[in-house]
Amino acid sequence: MKNPHKADIELDRAFTHTPTAFSNGVRSTLASLPHQAPQHSRPPIRRALLLTALLVVCLAGAAVAAQMTGLLNLFLSVEPSAQPLIRTNVAEAVREDCAAQIREVIWDGETLGLVYVVTDPALEQVEGFKPPESGEVRLSSQLDRYGFQHMAEEIQVGDGRTIPAATMDVRWGDTHDQVVYYLEAALPIGDQPYEIALQPYCSKGTLPMGFTLAAPNAQDVRDFILPEPALFDGFTVRVTRHRETPLRVYVDLEVRVTPEVSPEIAAHSLNRWGQCALVGSDGNVIPMQGTSAPDEPFGYAATVTLVGKADEDHKGSWRMAPMDDDGQALMTETITLSDTPLQ
């Protein structure tokens, strides 16, 4: 016999959540309607105005509902040109009273971003574990404090490999038993589509989900001609890769310090290029987060991988500069990136 509570959950999930702003607006409009008998001797102008106001409220509610479906916008600044990279409602799983759904996926051929929602009724049974009614809605250590482990820590890519996945943000969902997760994983373009699988958890066990991930269009992934190595006082910086997608800008560097430089200065030079900024001709500055790996045991060379947000309004070439401790670009040491794509 089917669990009636489970049937209620499935019925609720079959319909989209009505935004609170929409519901309150409709109630307010209906409450303002005058309780009078209809007067047929006058043109129904007042009635038409009231119906028009109600229609405006309905349209506003629909707009709010449409915004709530774009969960990626809670976690990323997605340019309009990157919208075609987004897939919605790609997979789901149900286990007893728990459920999980991959709501949105974005992949630019370098970074896989994924939003999934876990519905766990056990969340409502813990005293004190409720989302705030207003203000900050992010979760930090609360899930760990109450013993809830929903996060998927790795992703299977279908060819026998697993790749680590970093949970970038956690927030409340539409109801008290929902949690929204955003994770990212480094995933370069392969020869074939990927068969993606991940297993978030709930109080009843794992919730395995999977889907096929096709590569983005080739014109959306652009590699650029590399500039000549830049020579500075005591070290050299060489750009080994410059790739731009509608989502992000990727730059790989090789920083090499001359042996005559002291170890302290060498370490300072290598660390300085681990945080850079792209500076446009219009003065627009895009910070780039970097990871650095030493190439030699003596600390005189390093490979740096930098990632920054794409800017579809940018025209011309970028100048790349290291950033100081205050987050300001050091324009005394810059590299001009080419704006000519490779053929």
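Is Phe75 buried or exposed, and what is its relative accessible area? In this predicted model, Phe75 is buried, with a relative accessible area of 15%.

**View 1. The aromatic pair of Phe75 and Tyr182.** The structure holds five aromatic pairs. In the pair of Phe75 and Tyr182, the ring centres lie 5.3 Å apart and the planes meet at 10 degrees, so the pair is stacked. Phe75 belongs to helix α4 (residues 72-75) and Tyr182 to strand β7 (residues 178-186); the pair thus links distant parts of the chain, 107 residues apart. Tyr182 is also buried, at 2% relative accessibility.

**View 2. The aromatic pair of Trp107 and Tyr194.** The arrangement of Trp107 and Tyr194 is edge-to-face, with 5.8 Å from centre to centre and 70 degrees between the planes. Distant parts of the chain are linked here, 87 residues apart: Trp107 lies in strand β2 (residues 98-107) and Tyr194 in strand β8 (residues 194-198). Trp107 is buried at 4% relative accessibility, and Tyr194 is buried with a relative accessible area of 8%.

**View 3. The aromatic cluster of Phe232, Phe235 and Trp273.** Phe232, Phe235 and Trp273 are joined into a cluster by ring pairs.

View 4. Within helix α6 (residues 263-272), the buried residues are Ala266, Ser269, Leu270 and Arg272. Viewed down the axis of α6, these buried residues fall within an arc of 165 degrees, so they line one face of the helix. They pack against β14 (235-244), β15 (248-257), β18 (301-309) and β19 (319-322). The exposed residues Pro263, Glu264 and Asn271 are carried on the face of α6 turned away from its buried side.

Technical notes: Residues are numbered from 1 along each chain as its sequence is written. This is a predicted model: local features need pLDDT of at least 70, side-chain atom pairs count only at pLDDT 80 or more; totals for chains, interfaces and linings use all residues. Side-chain values use heavy atoms; hydrogens and water are left out. Buried means under 20% relative accessible area, exposed over 50%, partly exposed in between (1.4 Å probe, protein chains only). Helices (H or I, at least four residues) and strands (E, at least two) are DSSP runs, numbered from the N terminus. The arc is that of the directions from the helix axis to the C-beta atoms. Contact means heavy atoms within 4.5 Å. Rings of Phe, Tyr and Trp (its six-membered ring) pair if their centres lie within 6.5 Å; planes under 30 degrees apart count as stacked, over 60 as edge-to-face and the rest as tilted.
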